[in-house]
Amino acid sequence: MSALTRDEAQLRAQLLDVHRYTVELDLTTGAETFDSRTVVRFTARSAGDTFVELKPVELRAATLDGEPLDPESLDDGRLPLKNLSAGEHELRVDAAMRYSRTGEGMHRFTDPSDGETYVYTQMFMDDVQRVFAAFDQPDLKAVFEVCVKAPEGWTVLANGVTEQRADGRWQAAPTPLISTYLVAVAAGPWHSVRTEHRGLPFGIHCRRSLAPHLEADAEEILDVTRACFDRYHEKFEEPYPFDSYDQAFVPEFNAGAMENPGLVTFRDDFVYRSAVTDTERQTRAMVIAHEMAHMWFGDLVTLKWWDDIWLNESFAEYMGYQTTAEATRFTGPWTEFGVTRKAWGYDADQRPTTHPVAPEKVDDTASALLNFDGISYAKGASALRQLAAWLGEKDFLAGINTHFARHRFGNATLADFIDSLASATERDVPGWADSWLRTTGVDTLTPVTASAGSTCTLTVDRTGSRPHRLTAGLYDHDPADESRLVLRERLDLDVPQSAPQPIGKRPALLVLNDGDLTYAKVRFDAESFDTLRAGLSGLPDPLTRAVVWSALRDAVRDGELPPAAYLETARAHLPRETDLALVQGVLAFASGQIADQYLTPEDRPAALSTLTALCRDLLRRTEDGDHPGLRLIAVRHLISVAAHPDTIAAWLADGTVPGGPELDPELRWRILGRLAVLGATDEAAIAAELERDPSATGQEGAARCRAALPDPEAKRAAWEAMFAGDDLSNYLFTATAQGFWQPEQADLVREYVPRFYTDAVAVGARRGPAIAVAAGRWAFPAHAVDTENLRLGEACLQGTDPTPALRRTLADRLDDLARALRVRGEQDGPVAQTARTE
């Protein structure tokens, strides 16, 4: 299908003013297709030609102003509208559309737990065309009236309040002016919890088999929703712009959530059916806050074209973390951001595929889809946090409220936003935007101290070009307890500095960017690093510890800190860590990147042994039952790094870890998956576990386990399921891919490494962007850290034509592979990449 280009969108926006869509969907026509009838009323400002987008199974009929259009003229998803006269027009389209199994368009899912079926839309970017005919670009906003015919017993949710009519029809209230990609429908026998807040209907919904789990958490979810709603009304002068607020937790959702006005859709993994940590609950709260922020950032005021996706995502990301911290019981979201989410931005910004937060030009929708990444989310949010610190919260919010007032229910650009901010401050906002939003790469900040008698001065050495407002934390040893560090003071600094900063007596530890208000890699001087090796866990503030752990992570990736030294530091300090996000983030990096990629196969067993010992220390610390979240993290990671099956097999047989916790479905599947990798289980045990847990999550667990079995036939069957057939849903494809490659099985799967590149290109072209990304991310042979795998991947990019989504994903994975080789010393060239500007 042709991607819509920026030039085409601009020409169409000059020609058309779209007023209203009337959409009728019939979901009672069978399991493969549904009927879609659309009436579009629009004005042509002058005579001309254009087109409407549609991707049907069958285009039955189309008329323009009562005159039939030739269905055969539909070409590559575009139906031409020729010889339009200036004035009012009415387009009618009647088509049969195909349900999706990949989370795109109208996704259909049958729950294996009870046989109930659910459908929901994901219209993002250009997938509205899979559901109904549309002029599909964000700046052609319109009113949408949606009517859905659904099977008996179903409930239909939409952007506005829905009302059940005769003959199984559900009519949604007309929307205000919104963009095509924000239209939403979710239909099925939902379990719903409904309430009201500030006179508006609120609801949360999930499939029936998850009802007990939603009920258990309903009050927490609704409390967070109400608290965020109230906090946004304190921040924003523009009231919530829609008639209701529903949150639907839907199956096999590709993203974390989607900000459809009045009907936010979430992946239903957020309805927890097994034990989770408080950090995971905090993440759910942050996602709720993120999506609610979109009601203003993205839905009320929408980007004009996809080069300004940061106006949506960076703001929602920043507001999500900030509002969670301000309005809910969860006080540590910025710590999780610093140790986990921000790393996503740093990693993306050091790859060849990096791009500015606000790129100058995005040529088409296929290119735009690639920019929903760590730059647009994590780096953009970091830039906005820095902007708020630089402007001050009062002026920052004043500029935002001016922006809403100027562009409500309209579209806006970066220039519009900068004008709104500039109206609230004397500072050079356009200059800040050029430095932060139009450049790429990560600055590096290093402290340099100079002694003069009994006092010191501090100078910050900057590699890069951006101005930074940050704090430097000065820490001394606690005289009463040398293992503890105490904050002497935090100094506010502007980098570049006008002069060295006096700091008094030389501190034991100097931490740049203490508080994590800017976006930059930080380094430590030699004395500070020696202090950290002995006293990291003695730092009083978890956000400071997050900055330190992030810096150590960057140093490993840049070849400045040996991976083994990071593991030694984790072994020494993680058993005393109190913040769950830090424990989870450090263990994830230590196991997933250091043990699995940065260390050679010969060194990996020692790393797993170190991580096992660390997890056992955490288990011993939590034997009193006072730290269930920490114990759960330790159990999960001990399972994942187990080099021998005996202990975890005994846990599975007993149904519990000695001292707790009892094994819930997630832990049972986790153990069985690791036993499969180690060759300590078989198909009969997997089938028995699936009979015990026949849920959708159980189906994914079984697929993951079967693909992980060290058996040639199991590997062949998994490969065929992923790449030869088109039956796997997006989630089952991912689960199979996650099980397939294992470092312990490198010899067994060696023949599949070259096959991956040809088969991934074919499946990406055949099944579309969602599967292409899943193939590139999860089915990539990341365990094969060798020059031959790198050569094969580079040849694939040069000699074949992967879809844009797959090309970008492969380029990123190959860059990670090259970095791992450099960390190992198996490839020439510097590991660290210097900051770049564009």
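**Exercise 1. Determine which ring the charged end of R108 sits over, and which ring R12 lies over.**

Solution. The charged end of R108 is placed over the ring of Y99, at 5.0 Å from its centre. The criterion is that NZ of Lys or CZ of Arg is within 6 Å of the ring centre and within 35 degrees of the ring normal. R12 lies over the face of F51, 4.7 Å from the ring centre.

The model is predicted, and local features need pLDDT of at least 70, side-chain atom pairs count only at pLDDT 80 or more, while totals for chains, interfaces and linings use all residues. Residues are numbered from 1 along each chain as its sequence is written, and side-chain values use heavy atoms, with hydrogens and water left out.

**Exercise 2. Classify the ring pair Y240 and W296, and state whether each residue is buried or exposed.**

Solution. Step 1: recall the rule. Rings of Phe, Tyr and Trp (its six-membered ring) pair if their centres lie within 6.5 Å; planes under 30 degrees apart count as stacked, over 60 as edge-to-face and the rest as tilted. A search of the whole structure gives 51 aromatic pairs.

Step 1: apply the rule. The centres of Y240 and W296 are 6.2 Å apart and the planes stand at 65°, so this pair is edge-to-face.

Step 2: locate the residues. Y240 is in the loop between helix 2 (211-235) and strand 17 (245-250), and W296 in the loop between helix 3 (278-294) and strand 20 (301-303), so the pair ties together parts 56 residues apart in sequence. Here helices (H or I, at least four residues) and strands (E, at least two) are DSSP runs, numbered from the N terminus.

Step 3: check accessibility. Buried means under 20% relative accessible area, exposed over 50%, and partly exposed in between (1.4 Å probe, protein chains only). Y240, at 8%, is buried, and W296, at 0%, is buried as well.
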